[in-house]
Amino acid sequence: MEINSVQVEDRQNFKARKFLMWLFIISSFMMFAALTSGFIVYTEGNVERGIKVLLPKQFMYSTLLILMSSFTMHMAYLSAKKLQFANQKLYIGLTILLALAFFFSQYSAWQSLYESGAYFVNYNASQSFIYVFSGAHLLHIIAGIFMLIYAFIGKIRNIPQVRNIFRMEVTSIFWHFIDILWIYLYVFLLLNQ
Amino acid sequence: MASTATHDSAVLHQHDNHGHDHGHHKETFLTKYIFSQDHKMIAKQFLITGVVMAVIAMLLSILFRLQLAWPDKSFPLLETFLGEKWAEGGRIKPDFYLAIVTIHGTMMVFFVLTAGLSGTFSNLLIPLQLGARDMASPFLNMLSYWLFFTACVVMMGSFFVESGPASSGWTVYPPLSALPKAISGSGTGMTLWLISMVAFVASSLIGALNYISTILNMRTKGMDMWKMPLTIWAFFLTAIVGVLSFPVLVSAVVLLIFDRSFGTSFYLSDIVVAGQVLPNQGGSPVLWQHLFWFLGHPEVYIVIMPALGITSEVIATNSRKPIFGYHAMVYSLIGITVLSFIVWGHHMFVTGMNPFLGGVFMITTLIIAVPSAVKTFNYLATIWRGNLRFTPAMLFAIGLVSFFISGGLTGIFLGNAALDINLHDTYFVVAHFHLVMGSAAIFGMLCGVYHWYPKMFGRMMDARLGYLHFWVTFICAYLVFFPMHFMGIDGVPRRYYAFTEFAFMQEWLTVNVFITWAAIISALAQVAFLWNFFYSMFYGKKAEQNPWQSTTLEWTTPVEHLHGNWPGEIPSVYRWPYDYSKPGHDTDFIPQTTPFSETMSSNLPHDFEDNPEAERIQEEWEKQNAKTPKATEEV
């Protein structure tokens, strides 16, 4: 009875806390919706505005990297569920590496944007918006990396499986979200190129 | 609800371990009063911080009212208190005037009526009225308060920097706010304003996420959505509006920060400051207005909806009648929630907006009158022939309805794109929003304080001081804001420093004197409230468990607060929250925790929600007791 009720209470609280993550995703999405709407309002206002450069090809690489990281994230989650903890740690590690690679790919994309003359400080703020989109997204990537590290440390410290699964679930929900978010931003930019 | 059914066993466990003995918790002063994770303590922290902010914002308003009433008079006392920099020769300086107008607005809208109102009552009532031990994440709840506190400190800190606080109005429109050199108030003060606002948005968002998750996941057994008190519905929808609109403000603020500090041109174009042409080109200041008002308009519903929820509860309790049109009340709140996102353009009618678009925004704006009128009608119908108990809380609730009507009516004028050409940026706007969202929401908040004070502090507030507070505040609020309508129709613009330079405005100086006296008297009336509030905390009459004979769950908790709210099992809920004066029952209220099997004499067919077994039992009982209940009913 005692153990059972502890589990029941834990599960209920986990459910409510997992829901917090979904709500956070909604609010985060609203922030990007505002930024992209701002872009549309701004760009439509005048024909001289608009992206007017080709998007750097590094964005394409970033997209591939983040798609792969979503895959490894899912593998990590599945391994945790199947109690294959060595694999779980391996896949979390891979995801972190892919995330770092994404980070640098974005950075080099900024560099080539800069070289092609699309500066951040710009009379055509449509080009500044590219930096704002990807920068705000990178902040989410950093947060995601911290969540991954947190899940990784939890596994090393051998926290109970319910909590391990909970951390993995929340982390993977967030990770898939920032994956989809980047694809949304990239497609949005491509359509407005 | 499958999830709520699990409460009972969970409760037992909690009870066995810490329910009856608090000694082993090792609560220190720091964990109990400062870094508390208990929702009731956090609610009190929000309330007291909100009250302090309200007093400061009110004093600021008295300062600028003095300036408006006696623009040529010198008040040496002001120089003593504010120093030579802001009140040289005893007169408020123009720079400082703009600053206090800005900070008054910011504090009232965000710190008092968003955090002070939503923060207090959502935190207090959501777990208590739903039957939960605490919020979904008590830690995030604590974080929410401390972010709010940080925001307050940073905002107050801006009074102590060399260039003074932000001065470009609470809407901080660029380019004025984006150019640190434009006015002194756009310097460090503006930076602090932005930092404070980011902390505030984070606080509100964390709070709102917690409220929604708690409401959806942690209701007690039997508490389905349609058995929730209207307060909870209001807090729930308010939180949804917050989650969807506050992130937009973050986006807008981020772009503004880039414009201010990094030299980008999102909002800036073609600007000459002091003869110098600025390098920024190609930006659009109207972009800020779109982003800001996408938050800004829902924000006013974030302010008023909790107040409406609180009054629904208080009016029903003190009319001893079920709330009129419970479902209509909920649907009108949902209607307001949805509409709040598609009306922001009515703040921008005169920005050069396409008149066709203006027409669309005009229609959506005017439609809001429908759910608002439904709510007003339902309040009046609830009061109609009720067994009214004029507690201070009830008076403030009725006051809210009054302000909501008189301020709402002028919204129909302002929502009209053609009339707005004349009325925009005049005192008519000031009068409108101070009545409909300022005074109304403050009255909702005060109503909540008087009503739930016994729940928060275990003591009663003094009712006679409450009556004094109500009548003086109510009358003075009208005396302050009503004349402003006429000023606005005459074209007197808002935010002007003095009415002395334009001939047509000079005749309004005497009205300004009148308004300022009314404002001073109503400010003095708040002393009655403050005294009552703080004195009763320690010396008020001890409260009973259910002082207002109310039906909702929070009054089933013991007067002494304990962590986890209920000493034993969390009570289950069997009926809706508005069973007041139900025919056939011996008392005039039936708590939500009373099962229908204990109230056979007052059950009605629709109580059973088409449960045939329950209906059958009721019918059988009625056959057996056919004579007696009939007789009493006819009497």
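The exercises below concern a predicted model.

**Exercise 1. Determine how H3(B) and H6(B) are oriented to each other, and describe their contact.**

Solution. 
Step 1. Helix H3 of chain B covers residues 39–69, and helix H6 of chain B covers residues 138–157. Their axes come within 10 Å and cross at roughly 15°.
Step 2. An angle of roughly 15° falls in the class under 35 degrees. H3(B) and H6(B) are therefore roughly parallel to each other.
Step 3. The crossing of H3(B) past H6(B) is left-handed.
Step 4. On the side of H3(B), the residues that meet H6(B) are His39(B), Ile42(B), Gln45(B), Phe46(B), Thr49(B) and Met53(B). Their partners in H6(B) are Asn141(B), Met142(B), Tyr145(B), Phe148(B), Phe149(B) and Cys152(B).
Step 5. Sorted by class, this contact holds eight nonpolar, four polar and no charged residues.

**Exercise 2. Carry out the analysis for H5(B) and H6(B).**

Solution. 
Step 1. Helix H5 of chain B runs over residues 94–130. The axes of H5(B) and H6(B) come within 12 Å, with a crossing angle of roughly 160°.
Step 2. Since the class of antiparallel pairs begins over 145 degrees, this angle makes H5(B) roughly antiparallel to H6(B).
Step 3. H5(B) passes H6(B) in a left-handed crossing.
Step 4. H5(B) contributes Thr106(B), Met107(B), Phe111(B), Ala115(B), Gly119(B) and Asn123(B) to the contact, and H6(B) contributes Asn141(B), Phe148(B), Cys152(B) and Met155(B).
Step 5. The class count here is six nonpolar, four polar and no charged residues.

**Exercise 3. Describe the overall build of chain B and of chain A.**

Solution. 
Step 1. Chain B contains 20 helices and two strands. Its radius of gyration is 26 Å, close to the 26 Å that the globule rule gives for 635 residues, so chain B is as compact as a globular protein of that length.
Step 2. The C-alpha trace of chain B spans about 95 × 55 × 50 Å along its principal axes. Buried residues make up 52% of its 635 residues.
Step 3. Of the contacts in chain B between residues at least 6 apart in sequence, 79% join residues at least 24 apart.
Step 4. Chain A has five helices and zero strands, in the order α-α-α-α-α. The C-alpha trace of chain A spans about 70 × 30 × 20 Å along its principal axes.
Step 5. Of the 193 residues of chain A, 35% count as buried. Among contacts of chain A with a separation of 6 or more, 78% are between residues 24 or more positions apart.

**Exercise 4. Classify Ala234(B) and Met353(B) as buried, partly exposed or exposed, and place each in the chain.**

Solution. 
Step 1. A residue is buried with 20 or more other C-beta atoms within 10 Å, exposed with 12 or fewer, and partly exposed in between.
Step 2. Ala234(B) has 31 other C-beta atoms within 10 Å and is therefore buried. Its place is in helix H8 of chain B.
Step 3. Beyond neighbours within four places in sequence, Ala234(B) is in contact with Met305(B), Pro306(B), Leu308(B), Gly309(B) and Leu333(B).
Step 4. Met353(B) has 18 C-beta neighbours inside 10 Å, so Met353(B) counts as partly exposed. Met353(B) lies in the loop between helix H10 (326–339) and helix H11 (355–367) of chain B.

**Exercise 5. Locate Lys52(A) and Asp270(B), and describe their phi angles.**

Solution. 
Step 1. Lys52(A), although not a glycine, has a positive phi of about 60°. Lys52(A) is in the loop between helix H1 (2–44) and helix H2 (58–81) of chain A, and with 12 C-beta neighbours inside 10 Å it counts as exposed.
Step 2. Asp270(B), also not a glycine, has a positive phi near 50°. Asp270(B) lies in the loop between H8 and strand S1 (272–273) of chain B, and its 11 C-beta neighbours inside 10 Å make Asp270(B) exposed.

Key. Residues are numbered from 1 along each chain as its sequence is written. Chains are lettered from A and ligands numbered from 1 in the order in which they are written. This is a predicted model: local features need pLDDT of at least 70, side-chain atom pairs count only at pLDDT 80 or more; totals for chains, interfaces and linings use all residues. Helices (H or I, at least four residues) and strands (E, at least two) are DSSP runs, numbered from the N terminus. The radius of gyration is taken over C-alpha atoms; the globule rule is 2.2 Å times the number of residues to the power 0.38. Two residues are in contact if their C-beta atoms, placed from the backbone, lie within 7 Å. Axes are lines fitted to C-alpha atoms, for helices over the stretch in contact, and angles run from 0 to 180 degrees between N-to-C directions. Angles under 35 degrees count as roughly parallel, over 145 as roughly antiparallel, 65 to 115 as roughly perpendicular and the rest as oblique. A crossing is left-handed if the near helix is turned anticlockwise from the far one by less than a right angle, and right-handed if clockwise. Ala, Val, Leu, Ile, Met, Phe, Trp, Tyr, Cys and Pro count as nonpolar, Asp, Glu, Lys and Arg as charged, and the others, Gly among them, as polar.
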